[in-house]
Every structure is written in structure tokens, then in C-alpha cells.
Amino acid sequence: EAEIFMMSSSWAPNETDYQIFQEKIWLQAGMLQNLPFGVELSLFVMCFLTSVQNMKPSTMRRQLLVLSFITVVFGLGVTFMVTNNLLAQQAFVEYRNYPGGPASYMYAMFSDTVGFTNNVTWVFSNCILDAFLVRFYRCTTH
């Protein structure tokens, strides 16, 4: 019965060893992206709780601005991670036999709804974070 759990060579995809190696590395790298997301989640919760605890009538507007900003950034991060994982699921599970394999599927679906959402959230979050850094720098140097 132990043989049932062993991988049979007839179940392996019909790809070269090099393609299989590339896809393994790509999938593992995609999974490793979840680690920094855990850090982002922890930082969001810490910042959110600190902002709520430090809310006073005199700083209410500023704290609400901070809460809004970190919530938007976190929401974009969640959207990016969900769409990124969905793309990996589609490429490696649902459409595994797409001509050329997962890499070809990802390139072909770069501009579909999921891929487009993934890219837009990444670019938009980087833009607003860069704008925040520029604004912060300008406020502290002048």
C-alpha cells in the first residue's frame, strides 16, 4: 500500500528536466512571497492598534489620515497577494497543460483580469508609497 503514495514516472508531466526545474523554482519563489506578506500583516496590525490607542482630539485628523493610508496600502497588498496566488494556481493547476506550460500561460494571460489587477495593485501601491516617502522627506528636511 505504500506504493500508492509514491510518485509514478507515468504521472510526471511531459516536459524536459530543465523546464521542470524552472517551474519548481518559480513555484517555490511564489510561495516564499507569502513570508513578507506575514510581516506586512503584523506591521499593519501594530500600526493600526497604535494609531487607535494614540488617538486624541488634538491629533484626530492626523491619526485618521494615517489609518486611512495604512489601510489602503494593506488592502492593495492583500489584493496583490490574492491575485498573485490565483495566477500561480491557474498556471500550475488549472491550466497546467497550456501549450508551453505555466510560463507560457503566465505570459499569455499577463493582461487578463487577474494579471491586470495584480500588476495595477503593485504599481499603484509603489507609487503611493514613493509619494509618501517623498512627502515625508520634504517635511523633515525643510
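This is a predicted model: local features need pLDDT of at least 70, side-chain atom pairs count only at pLDDT 80 or more; totals for chains, interfaces and linings use all residues.
Reader: Which parts of the chain does the pair Glu23 and Arg96 tie together, and how many residues apart are they in sequence?
Author: Glu23 lies in helix H1, residues 17–32. Arg96 lies in the loop between helix H3 (60–94) and helix H4 (101–108). The pair therefore ties together H1 and that loop, parts whose separation in sequence is 73 residues.

Reader: Is Glu23 buried or exposed, and is Arg96 buried or exposed?
Author: Buried means under 20% relative accessible area. Glu23 has 9% relative accessibility, and Arg96 has 17%. Glu23 therefore counts as buried, and Arg96 likewise counts as buried.

Reader: How many disulfides does the count come to?
Author: A disulfide needs two cysteine sulfur atoms within 2.5 Å. Among the cysteines, Cys47 is partly exposed at 37% relative accessibility, and Cys127 is partly exposed at 46%. The count of disulfides comes to zero.

Reader: Which element gives the largest share of the lining of the largest pocket?
Author: The largest pocket holds about 500 Å³ of space. Its lining includes Arg61, Phe69, Phe132 and Cys139. Two or more lining residues come from each of H3 and helix H5 (113–141). The largest share, six residues, comes from H3.

Reader: How many residues in the lining of the largest pocket are charged?
Author: Arg counts as charged, and the lining includes Arg61, Arg62 and Arg135. Of the other classes, eight residues are nonpolar and none is polar. The number of charged residues is three.

Reader: Which residues lie nearest the centre of the second largest pocket?
Author: This pocket holds about 400 Å³ of space. H1, H3, H4 and H5 each supply at least two residues of its lining, with the largest share, six residues, from H3. Of the 19 lining residues, those nearest the centre are Trp26, Asn84, Leu87, Met106 and Asn118.

Reader: How many charged residues does the lining of the second largest pocket have?
Author: Asp, Glu, Lys and Arg count as charged. The lining divides into 12 nonpolar and seven polar residues.

Terms used:
Residues are numbered from 1 along each chain as its sequence is written. Side-chain values use heavy atoms; hydrogens and water are left out. Buried means under 20% relative accessible area, exposed over 50%, partly exposed in between (1.4 Å probe, protein chains only). Helices (H or I, at least four residues) and strands (E, at least two) are DSSP runs, numbered from the N terminus. On a 1 Å grid over the protein atoms alone, a cavity is a set of points where a 1.4 Å probe fits but cannot get out, and a pocket is an open set with protein on both sides within 12 Å along at least five of seven lines; lining residues have an atom within 4 Å of a point. Grid points are joined across faces, edges and corners, and a volume is the space filled by probe spheres set on the points.
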